[in-house]
Amino acid sequence: MKKWKYALFLCGLVVYFTFSESSSAFAMHIMEGFLPVRWVIFWWLAFLPFLIIGMRSLIRITREHPELKLLIALSGAFTFVLSALKIPSVTGSSSHPTGVGLGAVLFGPWTMVVMGSIVLLFQALLLAHGGLTTLGANAMSMAVAGPLVAYGIYRFGKKWNISRRWTIFFAAFFSDLATYVVTSLQLALAFPDATGGIFASFVKFAGIFAVTQIPLAITEGLLTVVVWNFLSTYSSRELTQLERGV
C-alpha cells in the first residue's frame, strides 16, 4: 500500500508541473530552433542507435519481468519531476536537476535512454522546455551521457565495495554534471567563439551554469539517496531481483 501512495505522490507532482505555467527563459535543454540544421541532423543521427538499443532493453525487461513495470514508471516520473524544476540562473537562463541517475542505477543506462527521451518529448510538447528539432541533442546529453556516467560510477562503487549510499550519491551527482558538460560542448561546437574557438565557447557556456548546477547536482544526489532508501525499505524484493540482473 505504501508503494502505491508513493506512486500517487509522484503522479501528483507530474500533473502539477505539467499544467503549471512554464518559464520562457532559455534553459539548459537546448530550445527549439536554436541549433543550426547541420547540428540538428548530426545529433539525431548520433542518438538513434542508442534509442534502438534502449528500446530493445526496455522491451526485454518488461516481457521477462512484468512486475518491474511500476518501478520503471516511478523512475520515469522521478526524472520528469526533477527535470521540470527549472530554477533561475544567471543571464536570464535557468538550470534544473535531471533525475536520470536513479533509473540508471536500477535498470542500467539503456532503459533510461528510452525513459529520458520520453520525458524530453513530453516536456517539449507540454512545457515548451527544449524542442523537437533539438530532441536528439538534448537526449544525447540527458538520456545518454547522464545515465552512462551514473551506471559507470555505480558499477565502480560496487566493484570496490564503496558504501552504497555514497555510490548512489555520486552516481546521481556526476550524471547531473555530465549532462550539462555535454550540453555546453554541444553549444560550443555549434557556436564557437570568434577569437578563442570551441574551447573558449565551452568555458563560457559551462561557467554560466556552474553557478547553479553544482548545488543542484548535490541536491539531486541527496534526494536520490533518500528515494533509494525508501525503495530499499518498501521494494526490497524488486531491488534484490535487480541486483541479480534482469
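This is a predicted model: local features need pLDDT of at least 70, side-chain atom pairs count only at pLDDT 80 or more; totals for chains, interfaces and linings use all residues.
Thr167 has 4% relative accessibility, so I log Thr167 as buried. The cut-off for buried is under 20%. Thr167 is found in helix H7. Leaving out residues up to four places away in sequence, I list Ile153, Tyr154, Gly157 and Ile162 as the residues that Thr167 touches.

I then followed one of those partners, Gly157. Gly157 lies in helix H6. Its relative accessibility is 2%, so Gly157 counts as buried too. With the same exclusion of residues up to four places away, Gly157 touches Ile162 and Thr167. How far apart are Gly157 and Thr167 in sequence and in space? I note 10 residues in sequence and 5.5 Å between the C-alpha atoms.

**Overall layout**

I stepped back to the whole chain. I find 9 helices and 3 strands. Read from the N terminus, the order of elements is α-β-α-α-β-β-α-α-α-α-α-α. The protein has 246 residues, and 50% of them count as buried. I also checked contact range. Among contacts with a separation of 6 or more, 76% join residues 24 or more positions apart.

**The nonpolar core**

Which residues have the most contacts inside the largest nonpolar core? I get Leu106 and Trp228, in a core of 52 residues. Eight entries make up my list of elements giving two or more residues to this core: H2 (37-64), H3 (69-83), H4 (100-107), H5 (109-126), H6 (135-159), H7 (164-190), H8 (197-234) and H9 (236-243). H6 gives the most, with 9 residues.

I took Leu106 next. Not counting residues up to four places away in sequence, Leu106 touches Leu71, Ser75, Trp228, Leu231, Leu239 and Leu242. Trp228, the other residue named for most contacts inside the core, is among these partners.

**Helix H4**

Leu106 is one of the buried residues of H4. How many residues of H4 are buried? I count 8 of its 8, so H4 goes down as mostly covered. The buried set is Val100, Gly101, Leu102, Gly103, Ala104, Val105, Leu106 and Phe107. Just after H4 comes Gly108, where I read a positive phi of about 95°.

**H3 against H8**

I turned to helix packing. H3 and H8 pack at an angle of about 155°, and their axes are 13 Å apart. Angles over 145 degrees count as roughly antiparallel, and that is why I log H3 as roughly antiparallel to H8. The crossing of H3 past H8 is right-handed. On the H3 side, the contact uses Leu71, Phe78 and Leu82. On the H8 side, I list Glu220, Leu223, Thr224, Val227 and Leu231. By class, the contact has 6 nonpolar residues, 1 polar and 1 charged.

**H3 against H5**

H3 also packs with H5. Here I get an angle of about 45° and axes 10 Å apart. The two helices are therefore oblique to each other. Their crossing is right-handed. H3 brings Ile72, Ser75, Gly76, Thr79, Phe80 and Ser83 to the contact. H5 brings Met112, Met115, Val119, Phe122 and Gln123. How do the residues of this contact divide by class? I count 6 nonpolar, 5 polar and no charged.

**H8 against H9**

My last pair was H8 and H9. The contact joins Trp228, Leu231, Ser232 and Tyr234 of H8 to Ser236, Leu239 and Glu243 of H9. Its residues divide into 4 nonpolar, 2 polar and 1 charged.

Conventions:
Residues are numbered from 1 along each chain as its sequence is written. Side-chain values use heavy atoms; hydrogens and water are left out. A nonpolar core is a set of buried Ala, Val, Leu, Ile, Met, Phe, Trp, Tyr and Cys residues joined through side-chain atoms within 4.5 Å. Buried means under 20% relative accessible area, exposed over 50%, partly exposed in between (1.4 Å probe, protein chains only). Helices (H or I, at least four residues) and strands (E, at least two) are DSSP runs, numbered from the N terminus. Contact means heavy atoms within 4.5 Å. Axes are lines fitted to C-alpha atoms, for helices over the stretch in contact, and angles run from 0 to 180 degrees between N-to-C directions. Angles under 35 degrees count as roughly parallel, over 145 as roughly antiparallel, 65 to 115 as roughly perpendicular and the rest as oblique. A crossing is left-handed if the near helix is turned anticlockwise from the far one by less than a right angle, and right-handed if clockwise. Ala, Val, Leu, Ile, Met, Phe, Trp, Tyr, Cys and Pro count as nonpolar, Asp, Glu, Lys and Arg as charged, and the others, Gly among them, as polar.
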